[in-house]
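Walk through this model with me, one region at a time. Keep the viewer open as you read.

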Amino acid sequence: MRFNPAMTDTLAPTPKPGILDIAPYVGGKSSIAGVAEPMKLSSNENALGAGEMAREAYAAALKNIHIYPDGRATKLRNAVAEHHGLEPERLIFGNGSDEVFALLNQTYLTAGDNIVCGQYGFLAYQISAKACEATVRQAPEPNYKCEIDGLLALVDDRTRIVYVSSPSNPTGSYNTAEEIRRLHAALSPDVLLVIDEAYAEFVSEPDWETAFPLARHAANVVVTRTFSKIHGLGGLRIGFGYAPLAVAEAIDRIRLPFNVSVPGLEAATAALADEAHQTASRDLVQTWRPRLTQAIKGFGFDVLPSVGNFVLVIFPDQGLTAAAANEHLLSKGIIVRGVGGYGLPNALRITIGTEDQNRAVLDALSEFAAG
Ligand SMILES: *Cc1c(COP(=O)(O)O)cnc(C)c1O
């Protein structure tokens, strides 16, 4: 409306409905006052960092940072397609897979629609769905695991997208290939099923399988992956989705044209070829995951079985609480992740670190348990 000097006290720009009901995302803490180099085990980053090949490609990209990136990400697109055996034209690249979720939500959700996910579903799906004036329906996870029947029970005629992360963050649980197929078979073909496989490379359970083959022959399945975890490129923000061609083409209409940066594209392409770094990263996690789990259980705390690069530790409601454990870890220079935002105030999520970091975590927790 036109400026009316009489109304300056009462008028202000108003966010659209729902925006102010969204709790701002609080990321993993990254510093401790007075500690120069804290151990950051709060965001499931790769304890080995990025690989040498990715670092070199990043440095070499310096000469081209005045050039806009290739908006089609052709080089990375072809590398990913080759690496995973996928059709290049069906890939969607994003500023992290977080952006792929946001693009899916923006493309498919309108006010009054809903998404369905688990009780402990990743917050990124939920925040961007709410920004589309959609609602979030969350199925109970009584055993910290997404249950297919619980998800299906919440699907109604306004459901546009069902999100499942397998492996799941913050619980570390997963759904078997058979469960995912059953979920897909029970969904109407006009409901998108998004399988978030951010932690795929850390899984060794034989009944887990990537959903790429399911997606290949389905018109409503999207599988997402990220360069933030196994490849250690969280700071560069690159993820992708493998989608039906019609979905990829719809998303391309609203995607910002240059959403992945020049150094990001180069580093990700190089990372994909660095098998040695991927193997070392996976081995570190697979070696330490059972050790940490067993040792922390030995201190008397509950540790959920995890197939990701982190463990979720459950503390008692009284006495040796998660909040007290967090304080103790901080006093030792160790930053882990409180997951109260996920409705798990009695738990801490600990990223699996290097050997030294893991030993420091165990020393600190053992001391904490001893009082
Ligand atoms: C870390 C993570 C991602 C990856 O997010 P990016 O935006 O690609 O960094 C996706 N899903 C889950 C469940 C995660 O924990």
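Proline 167 sits in the loop between strand 5 (159-165) and helix 6 (177-186). Helices (H or I, at least four residues) and strands (E, at least two) are DSSP runs, numbered from the N terminus. The peptide bond from serine 166 to proline 167 is cis, and its omega is near 0 degrees. Proline 170 belongs to the loop between strand 5 and helix 6 as well. A cis peptide bond links asparagine 169 to proline 170, with omega about 10 degrees.

This is a predicted model, in which local features need pLDDT of at least 70 and side-chain atom pairs count only at pLDDT 80 or more, while totals for chains, interfaces and linings use all residues. Residues are numbered from 1 along each chain as its sequence is written, and side-chain values use heavy atoms, with hydrogens and water left out.

Now look at the loop between strand 4 (135-139) and helix 5 (148-154), where tyrosine 144 is found. Phi of tyrosine 144 is near 60 degrees, a positive value in a residue other than glycine.

Next, the helix packing. Two packed helices are described by the angle between their axes and the distance between the axes. Axes are lines fitted to C-alpha atoms, for helices over the stretch in contact, and angles run from 0 to 180 degrees between N-to-C directions.

Take helix 2 (residues 74-84) and helix 9 (residues 262-273). Their axes lie 9 Å apart, at an angle of about 20 degrees. That makes helix 2 roughly parallel to helix 9 (angles under 35 degrees count as roughly parallel, over 145 as roughly antiparallel, 65 to 115 as roughly perpendicular and the rest as oblique). Helix 2 brings Lys75, Leu76, Ala79, Val80 and His83 to the contact, and helix 9 brings Leu265, Glu266, Ala268, Thr269 and Leu272. Contact means heavy atoms within 4.5 Å. By class, this contact of helix 2 with helix 9 has six nonpolar, two polar and two charged residues. Ala, Val, Leu, Ile, Met, Phe, Trp, Tyr, Cys and Pro count as nonpolar, Asp, Glu, Lys and Arg as charged, and the others, Gly among them, as polar.

Move to helix 3 (residues 97-108). The axes of helix 3 and helix 8 (residues 245-252) come within 10 Å and cross at roughly 90 degrees. That makes helix 3 roughly perpendicular to helix 8. Leu103, Leu104, Thr107 and Tyr108 of helix 3 meet Ala246, Val247, Ala250 and Ile251 of helix 8.

Asp98, Phe101, Ala102 and Asn105 of helix 3 contact Ala124, Tyr125, Ser128 and Ala129 of helix 4.

Which helix gives the most to the lining of the largest pocket? Helix 3 does, with three residues. In total, 26 residues line this pocket, and Tyr25, Ser43, Asp98, Phe122 and Lys229 lie nearest its centre. On a 1 Å grid over the protein atoms alone, a pocket is an open set of points with protein on both sides within 12 Å along at least five of seven lines, and lining residues have an atom within 4 Å of a point. The lining has seven nonpolar, 12 polar and seven charged residues.

Key: 1 Å grid on protein atoms, 1.4 Å probe; cavity = no way out; pocket = protein on both sides within 12 Å on 5 of 7 lines; lining within 4 Å.
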